[in-house]
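The sequence and structure are shown first.

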Amino acid sequence: MKIVCCYFSGTGNTARACEELMEQLEQNGHITSLFPIRKDAERPDLSDADCLLVGYPVHGFNAPVPVLKFLKSLDKTQKKTPCYLVRTSGEPLKFNTASGVTPKRILKKKGYAVMGEFHYVLPYNIIFRHSDGMAARMKRGLELRLPADAEKIAHIEQFSVKCGPVSRFVSLVCRIEHAAMPRIGRHFKTTEKCVGCGKCEKICPQGNIRMENGRPSFGKSCAGCMGCVFSCPQDAIHPALFEGWKVNGAYTFDAPPATDGEVCKYCKKAYLRYFHEGEEQDRSS
Ligand SMILES: Cc1cc2nc3c(=O)[nH]c(=O)nc-3n(C[C@H](O)[C@H](O)[C@H](O)COP(=O)(O)O)c2cc1C
Ligand code: SF4
Ligand code: SF4
């Protein structure tokens with residue numbers, strides 16, 4: 001089977017999840033190709049794909065704007081190509097499932113048959129920094145799910161993910177972020193710590209950063225992915241309203257995974273449920 005995965009990723013979590021899922025599918029004998037959704041990236045040819053995966057991080061209980069734009073730009077197909085959403089988020093809250101509503105609607109309009117949604121919890125790139133132990137346990141949570149999830153794709157298994165009216169309502173309210181982000185992003189500034197390395201310019205999936213006189217200048221198309229803020233080696237970006245929620249520096253993922261007792265107090269029950277589900281899935285596969 002020829003499987004194409006198109007994904008948006010600001011700080012690498014969704015890229016990691018999609019890459020690992022595709023690696024698993026390759027090992028199972030499928031032909032896979034990965035395409036980042038970036039303004040400077042080539043457009044995928046989906047005409048002979050047997051299955052499409054669309055990866056994205058949850059932003060304010062919604063899919064990020066570049067993902068919705070990408071889906072709207074797809075050619076209509078008569079083939080009813082099977083399609084799965086692959087999303088990542090920092091917390092295992094049910095509200096996050098509402099982020100699939102609009103992508104599914106667009107995909108259906110375009111003639112794709114949405115078969116299911118995979119969800120992986122990976123460390124936060126905004127709000128607060130997870131501990132290394134939490135990051136490692138999340139990585140394990142992803143790895144434990146991959147074999148069964150790849151099987152579902154291989155068999156084009158159809159499954160639905162519940163999304164209640166409260167989640168839809170919260171997601172709708174949070175959609176204000178889509179309009180707010182380009183405005184907030186214009187006010188990102190660099191501090192004197194900036195050494196003009198240009199890493200932020202290269203990372204920005206929106207082409208929203210230009211180096212001018214050795215310093216980054218922020219444009220009007222920020223999608224709030226936090227890629228620049230997270231990846232700056234000098235922690236030199238001041239993300240305007242998000243300064244108090246800033247997370248800088250990649251996670252290592254190789255610490256001993258957090259035990260149940262060490263799981264962070266915020267949403268502890270939900271994290272434990274997510275981790276135990278993965279372990280259960282692994283035992284029964
Ligand atoms: C602007 C913004 C909004 C976010 N909103 C949510 C959210 O509503 N729910 C959640 O669980 N995580 C949220 N996150 C966390 C990311 O979904 C999570 O860290 C994700 O794995 C990042 O993926 P990436 O590294 O591929 O960009 C948000 C992150 C950003 C930058
Ligand atoms: S990545 Fe950081 S140090 Fe490098 S140019 Fe951008 S803001 Fe400056
Ligand atoms: S400016 Fe920074 S936060 Fe905004 S889209 Fe580019 S990398 Fe993401």
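## Overall architecture

The model is a predicted one, and its secondary structure comprises nine helices and nine strands. With a radius of gyration of 19 Å, close to the 19 Å that the globule rule gives for 285 residues, the protein is as compact as a globular protein of that length.

Taken along the principal axes, the box filled by the C-alpha atoms is roughly 55 × 50 × 40 Å. Buried residues account for 40% of the 285 residues.

## Domain organisation

Two domains are assigned: domain 1 consists of residues 2-164 + 274-284, and domain 2 of residues 175-245. Domain 1 is therefore made up of two segments of the chain, with domain 2 falling between them in the numbering. A distance of 25 Å separates the C-alpha centres of the two domains.

The contact between the domains involves 16 residues of domain 1 and 14 residues of domain 2. On the side of domain 1 that touches domain 2, seven residues are nonpolar, six are polar and three are charged.

Just after α3, the backbone at G111 adopts a positive phi of about 100°.

The shell around ligand 2 contains 13 residues, of which C194, C197, K199, C200 and C232 come nearest. By class, this shell divides into eight nonpolar residues, four polar residues and one charged residue.

## Surroundings of ligand 3

Ligand 3 is surrounded by 15 residues, and the closest are C204, C222, C225, G227 and C228. Nine residues of this shell are nonpolar and six are polar, while no charged residues are present.

Notes. Residues are numbered from 1 along each chain as its sequence is written. Chains are lettered from A and ligands numbered from 1 in the order in which they are written. This is a predicted model: local features need pLDDT of at least 70, side-chain atom pairs count only at pLDDT 80 or more; totals for chains, interfaces and linings use all residues. A residue is near a molecule or strand if its C-beta atom, placed from the backbone, lies within 6 Å of it. Ala, Val, Leu, Ile, Met, Phe, Trp, Tyr, Cys and Pro count as nonpolar, Asp, Glu, Lys and Arg as charged, and the others, Gly among them, as polar. Two residues are in contact if their C-beta atoms, placed from the backbone, lie within 7 Å. Helices (H or I, at least four residues) and strands (E, at least two) are DSSP runs, numbered from the N terminus. The radius of gyration is taken over C-alpha atoms; the globule rule is 2.2 Å times the number of residues to the power 0.38. A residue is buried if 20 or more other C-beta atoms lie within 10 Å of its own, exposed if 12 or fewer, and partly exposed in between; C-beta atoms are placed from the backbone.
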